[in-house]
Amino acid sequence: MSGRAFMLALVVLLTASGSHSVRGQFLHPKIKSKETTIRSVVVMPAKVNVVRDSMKGPEGMAAESDDLSARVETMLTEVLLKQKHVKAVPTTAPSADGDPQQKYNVADFQTKFDALLPKIIKKRSDVKKGRFTMGDEVLNLNLDKDTDAVVFIRGEGKKLSSGKTAFTLLVGGVPAYLRLQIGIVDARNGEVLLYTDPILAGDPTTAVDRLRKALEKGFKKLPEVKAQ
Amino acid sequence: MTKVTIPALTWLYKLAAMFPRKLTTSIVAALCLCFIFTSLSPIALAQKKTAPVEATPPPVNEQFKFGEVDLEILNQADLLDVRLQRDGLVLADEATNSYLYRVGKSLIPKGLTLERVNWTFRALRDPQPNAFALPNGSIYVTTGLMALIDNESQLAAVLAHELTHVMRRHTYLQNRSLRKKFLTINVMAAVGSMAPLSVVGAVIMAVTTVAPFIMIATIYGYSRDLEREADLKGIDMMISAEYAPEEMVNVMKLLDKDIEGENIRLFYNDHPALDERIKYMSSYLGGRADKVTHQMELNRERAAYFRNIESVMRHDIQLAINAGRARSAVYLAQRLVDFQADSENLFWLAESYRALGPRTQQLTEKELTNSAKKDASKKRERRTIEEEERELLATPAGQENSQKHQQMAEDLYKRALNAENPVPVVHRGLGMLYEKLGRGSDAAAEYEKYLELSPAAIDRGRIQRRIEALKEKQK
């Protein structure tokens, strides 16, 4: 019963806050003290996965997940530029038929973030203590010298079939949602500079405005770059 | 799990309507408990375990007809192929993938064509030993498994097992079965919600919470019967292709080797336990004693296999080090050095010992108990690799291990430099070791030698920065 009460509370909260909320934003002390300023970033390919939950169990949505990943990437770039004046520089990440070693470097760095992410989630507030780092392997990405940080995007979401939606209303259960986990890492030494995890309620595959608002809220604490 | 059909529910409610409310609740509770405990009773489980398996089923499931749900799964499999390739997880080594294709293709019965199957064999860049098949005919073997196995027959055993899953359409059958199970759980949850405050609701809600977990356990593999079928059919395919069939048993024994202490047994798992699989495969092979291969022949095969996949093994050692699997890295690199002690293989063994640092080389018997593995897994979720090292270095045993492994690494780096055609990357390794030991000027000198010998190194920027930082410190 407590699980159902929690879900009900979550739905009420999300509804009250306009169907999107940010569970927390955590900044590295170097960002807070303005020792480090993020002016330009490279956004790594996002990995957002959504499943369709029906009465017969969850079904994969590989194509929709790829579309959503691309949309989140683009929208995040727009939000950072518009709201914080942070420029996204094109990644030097190789194309599918590019140099395999460079491709492996990107893949291995993404894997390294995946390995670190559960530890960050376990104690997100430790980002404020500067506890998490990905090491200087970040330099193997051979990014442009002006790049200040690398952005990693992960996410998971659930879309409900009409049957499952009705079932959830009657019996209870987790409603449709999208939860993002975004980390910004220093491009020079691999320190995790920011972690935020915006969440929004509703069908993640069709969310556009809700997604934008959730992202805007997600970077509220990130200091704005002053125009030079 | 028990299957509940809609007519059965209707009947249940008609029956319940004949009695007063309190009695109804009790009847529903009793019936639901019957459903649950009948399927979980020792008799039911025993029947499931000993379900007869056809020893040599036909290679192809000819009765299989594609439905809409199956086509959806097929589409997802195609997209997964694209994603694995795009994300740099497939090893882009034509020689290795061709080798896998040659071995895999030799196992497929001649002239066999399967609807909507296009055979591809690829190595996946993952240090965890594993292999899987997608229903569209894509077979993936991880570099972790390729580096662990001993010879081509063992590789053939893995591929034969996976090929059977595709030929017998196991993915589609498992998916259909899972969908039925999920429907059952949802229906049971609905019944429970009718009387949420009574015993019925609580029991069913509990089962609904636990059941997805049980199902996830089955998703880690196919059902017991399907796995058994793939094991035994795989042995038949190996014999037909003239591979040593007993290597199917040996590859299982290799998989049982828990170098990192991560094989935690769950309270429920539909996969036959490895020791059980070894047992029934050995007994199945008993009747084919004439097929047993001489050890000398297997040794020859081992040398040929190592020559074929030496580069994959090195690649996997790097992945294992990146993933914090230093014990596996040492084990695999030692095998490489035993096979051929050249400069590159000695370098990888040195790198593995450097990564091992304050850890022990092998886990103790106590550390390999299930509860100790669970504790270690929880700690791994919490601590970063650097934090784990710091904690170990605070103990006398950790300091001793660290010193010993650093010395071993230094000796091996030096041997690698003295070997024929030394690889430049040895200087980078020595530099990193010296930097850790606080020998700043030695470290900078080794880094400089590395950059001098490999001016186009992909990590040039990173090493250059380390040199600058070391020189800055010395000022």
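Guide: Happy to! Let us begin with a term: two residues are in contact if their C-beta atoms, placed from the backbone, lie within 7 Å. Please keep in mind that this is a predicted model.

In chain A, take the contacts with a separation of 6 or more: residues 24 or more positions apart account for 75% of them. Chain A has 228 residues, and 39% of these count as buried. As for its elements, chain A holds six helices and eight strands.

Now let us step across to chain B. Where the two chains meet, the contact takes 28 residues from chain A and 27 residues from chain B. On the chain B side, at least two residues each come from α4 (68–86), α8 (170–194), α16 (370–382) and α21 (460–474). Of the elements there, α8(B) gives the most to the side that touches chain A, namely eight residues. Sorted by class, that side of chain B has 10 nonpolar, eight polar and nine charged residues.

Chain B also has a contact within itself. Its domain assignment gives domain 1 (1–308) and domain 2 (309–474). Between them, the contact takes 21 residues from domain 1 of chain B and 24 residues from domain 2 of chain B. On the domain 1 side, α6 (143–148) and α13 (295–322) of chain B each supply at least two residues. That side of domain 1 of chain B, where it touches domain 2, has nine nonpolar, five polar and seven charged residues.

Finally, here is a pair of helices to find on your screen. Helix α7 (residues 152–167) of chain B and helix α11 (residues 247–255) of chain B have axes that come within 8 Å and cross at roughly 85 degrees. Angles of 65 to 115 degrees count as roughly perpendicular, and α7(B) and α11(B) are therefore roughly perpendicular to each other. From α7(B), the contact is made by S153(B), Q154(B), A157(B) and V158(B), and from α11(B) by E247(B), M248(B), N250(B) and V251(B). By class, the residues of this contact of α7(B) with α11(B) are four nonpolar, three polar and one charged.

Terms used: Residues are numbered from 1 along each chain as its sequence is written. Chains are lettered from A and ligands numbered from 1 in the order in which they are written. This is a predicted model: local features need pLDDT of at least 70, side-chain atom pairs count only at pLDDT 80 or more; totals for chains, interfaces and linings use all residues. Axes are lines fitted to C-alpha atoms, for helices over the stretch in contact, and angles run from 0 to 180 degrees between N-to-C directions. Helices (H or I, at least four residues) and strands (E, at least two) are DSSP runs, numbered from the N terminus. Angles under 35 degrees count as roughly parallel, over 145 as roughly antiparallel, 65 to 115 as roughly perpendicular and the rest as oblique. Ala, Val, Leu, Ile, Met, Phe, Trp, Tyr, Cys and Pro count as nonpolar, Asp, Glu, Lys and Arg as charged, and the others, Gly among them, as polar. A residue is buried if 20 or more other C-beta atoms lie within 10 Å of its own, exposed if 12 or fewer, and partly exposed in between; C-beta atoms are placed from the backbone. Domain bounds come from an automatic or database domain assignment.
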